[in-house]
Each structure stands twice: as structure tokens, then as C-alpha cells.
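Subject: Structure handover

Hello,

Here is the structure for you to look at. My notes on its two-part layout come after it.

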Amino acid sequence: MNFELLHPADQIVMIMERIYGYGMTTTSGGNISIKDDNGDIWITPSGIDKGSLKSSDIVQVKEDGEIIGKHKPSVELPFHEMIYRARPDIKAIIHAHPPAIMAFSLARKIPNTKLIPNVHLICGEVELVDYALPGSTELGQKIADTFKKGVSTAVLANHGIVVGAENLFKAFMAFETLDFCAQLEIRAKLIGEPKPLRPKDIEISKAKQDIQMDEFIPKTYSSFERLSRKKMCELIHRAYDQRLFTSTQGTFSQRLSSNSFIITPYMVDRKYIQPEDIVRIENGYKEAGKRPSRSVLLHKYIYEKHPDVNAIIIAHPPNIMAFAVTENEFDSKTIPETYISLRNVKKIPFGSSFMQPKMTADVFSKETPAVIVENDCVIVVGKDLLDAFDKLEVLEFTAKAIIDAKRLGDVVLISQEEIEEIERAFKL
């Protein structure tokens, strides 16, 4: 989807649908604007249900102050205008009240953007803006002064978040990424003390580049590949809707044959990904004109090492990632289904997946179908995509149950005798 070819009003409605649909704002809360090439501002209306917003509801504010539309513009229009004046490079702004970020807003703190790679790169420096009356010139001035420093993401004390970017998609990326980061830190603090990436780890992560691969032009697409691309997209959409990863992070792949597989592309919005976006890898070559996930070599080595593995998922669900950013170990001996599905989940050092992909591929086995990479991701393998996806869900749901259980008391594991009984009953 070419997002930027959409009319500003349509872009705003699409993004507000996502924000409201994922519980990141309320019926009456939040506002979005775009400044177009003519200098006009398109902004969400005041007092209109965000859950049923239509393009015709969006208000146009001309440079001379003329208002065109059937509603009043958002009461927060002043700070949108002041940001645009302070930062001519910004063309889109999002303000909303996601609960996780609101928790930081109420505590007057900002999330740690260095718990996992890329968050700091996507969000940049994040600052806390002192409280002022919503809709007031004072609030607008405080936000504008913060943005003048080059900051594009700000947490408002007792009020929410404001993000600006060169287009609405990039603003949403930063908004969604900081919300994920806030969720992750909150969940991690329920089980331990989050440990951020070291400066040298951040530098290593920055150096991670696209994998250089020769290209080929596919001559045919088998019926199996066509169906696989379709099913992969359906599961990616489901995973995104379940918040198992964000719009630009998270990788799916599926084996097609002994020397080929398909994989998600780099930096394509997972919400709208389509079969034609998926990249085929064949004999070490990539499908012409496409950018595969930067984890493509890891997928290649796993398939080469494990003939029984036909699907791989890399994701960043906030509950299991709480174990990735703390010293806590995830133990699958908590729920029978979890032990049957996951057996022994291992944790490996940060950087392993992209600095030592062959060694990482060796970690997987029948007894270890899931791996946690410290401060990075979880990797799950399966006999097919649905099997891998189920394992990912079980991993995340169990992690959430463990974290919540720790708030009630000590977690009681299934005994060794009971584990042996499960193994006999299910022939593990």
C-alpha cells in the first residue's frame, strides 16, 4: 500500500482506527493532524467518536485560519500549529493516551528506550514536558520549545504522548514503538530489574546492515507458494492484531523446498503486508527488487541445519520479552500445554542471532523449539507456520500468566514426577 498517496483525511482515519482499535486512546481522546504541501492542516474534530471516525469528519484548517468542515477542530489545534511552526520538517503529529505511556506520564518519567535495539533509533530522544492546561497556549509553547531542541517524541506530564514526523506512518511507528517499550518496561519491573543494552551493544546493533545477496527473477510461482504467501500474510495480520510485534518488527518465514523459502520483507508495515510483498529466497539468491528481513541468514542456516523445521517466527511480545530484558529465566514447567509445546526454552546472549547465526541455528532441537535472545527477540520454530505461531502464542500467554502469578505469590512449578508422567502420556 502506498500510504502517502492517500488523501490526508483518509490517512488520519486509518491511523486513528489503529490507535483506537488497539486500546491506545478513548472515544473522546487523542488527535491527529497532517500538514499538506499547501500548508493546510488536516486535523481530527473535537468531540467526535474516535471509534467511528470518517474521512468527512476531518477538519481542514487553512493557513489564514479559515476552517473548512462540518465540525470544530480538536481543542489541541494550538499545539499542533505551534509544533509545525517550530519544526518545518514535521508534517504529521499524533497525540493520544495509551495506558502504558500514561503510567509513565502519571509517574512523570519516560520509558527506557534502550532495552531492545532500534527503539532509540525509531523514537530518538524522548523528553518529559511539564503539565499545562489542555488546549492552552502555555501547553503549546512548552511542547513547541521541546520540539525546537530536535526532539520529536515527548511524554506530557499527566496527559499522554505527542509524536511528530515527516509523515504519518513514521509518526505512528514512533508512537507504537514507545508504547511497546513502555509496556515492556512495566512488565519487566514486575519480575525484576530491567537491564538496558550497553553502549557497545547499541553500536553493534546500529552496524547491523541489510544482507547483500544476488538477485533472481522468479519464472513461476507454484500453487503451494501462492497459498503459503496468502496464509503467511493472514497469520502476520493476526500476530500484529494480537500485539505480538509492532508494525515494522517481527519476521515470518516458511520453507518451500530444500533450497528455497519465503520470508517477510524489511520495513513493510505488518498491518497491511500482502502476498506480493513476501520475498522468496532460492539457492542463496533473493527475489529481485525486494529487501528481505535482515535476519534472513539465520533463517537460511536453521533450515539447512534442521530438515524437520518448516517455519520460523521472530517476534517481540512484551510479556516474554520481560524475561529477555531481566535476569529471570523462563521455565516451561508451569502448565502442561506449555511444557508439551515448548519443552526447554533457552536464553542466549544479545547479538547471537545476527553476529553468530550459524551457532544460533545449532541451539534449536526437538527439545528446544523456542529461544529467547537477551534484549532482542524470541525465535520459534515449527513443523509449519501454524505450529510455530501456536508456540509463539503459548510462549507469550504463559509468560503473562507467570508475571501475573508473581503478584499473587510464589509460582509453583510442576514437579519432576509430574513432568515424567506428561512425557510418558504424550510420548515426548
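Predicted model: local features only at pLDDT ≥ 70, side-chain atom pairs only at ≥ 80, totals over all residues.

Domains

The protein splits into domain 1, residues 3-191, and domain 2, residues 208-426. Taken over C-alpha atoms, the centres of domain 1 and domain 2 are 32 Å apart.

From the record: an unreviewed UniProt entry carries the annotation "domain: Class II aldolase/adducin N-terminal", which covers residues 10-186 and 230-403. In the model, residues 10-186 are 38% helix and 18% strand, with their end C-alpha atoms 34 Å apart. Residues 230-403 are 38% helix and 21% strand, and there the end C-alpha atoms lie 35 Å apart.

Interface between the domains

The size of an interface is often given as the accessible area lost when the parts come together. For domain 1 and domain 2 the buried area is about 2200 Å², with 60% of it from carbon and sulfur atoms. On the domain 1 side, the residues that lose the most area to domain 2 are Tyr22, Arg187 and Ile191, which together account for 30% of what that side buries. In terms of contacts, 19 residues of domain 1 touch 30 residues of domain 2.

Polar contacts across this interface come to eleven residue pairs, counting residues at pLDDT 80 or more. Two elements each give two or more residues to the side of domain 1 that touches domain 2: helix 1 (8-21) and helix 6 (168-189). Helix 6 supplies the largest share, nine residues. Sorted by class, that side of domain 1 consists of 14 nonpolar, two polar and three charged residues.

Salt bridges

Side chains of opposite charge can pair when their charged atoms come close. The count for the model is 25 salt bridges, and three salt bridges are found across the interface of domain 1 and domain 2.

Two pairs can be checked in the coordinates. The side chain of arginine 187 forms a salt bridge with that of aspartate 404, at 3.0 Å from N to O. Arginine 187 is also one of the residues named above for the area lost to domain 2.

The other pair is glutamate 176 and arginine 243, with an N to O distance of 3.1 Å. This pair links distant parts of the chain, 67 residues apart: glutamate 176 sits in helix 6, whereas arginine 243 is in the loop between helix 8 (223-241) and strand 10 (251-257).

Regards

How values were computed:
Residues numbered from 1 in each chain as written. Heavy atoms only, no water. Domains from an automatic or database assignment. Contact = heavy atoms within 4.5 Å. Buried area = accessible area lost by both parts, 1.4 Å probe. Salt bridge = Lys/Arg side-chain N within 4 Å of Asp/Glu carboxyl O. Polar contact = N/O pair within 3.5 Å; in protein donor to acceptor, adjacent residues only side chain to side chain. Helix = DSSP H or I, 4+ residues; strand = E, 2+ residues; numbered from the N terminus. Nonpolar A, V, L, I, M, F, W, Y, C, P; charged D, E, K, R; others polar. UniProt positions renumbered as here; feature names shortened; annotations may be inferred.
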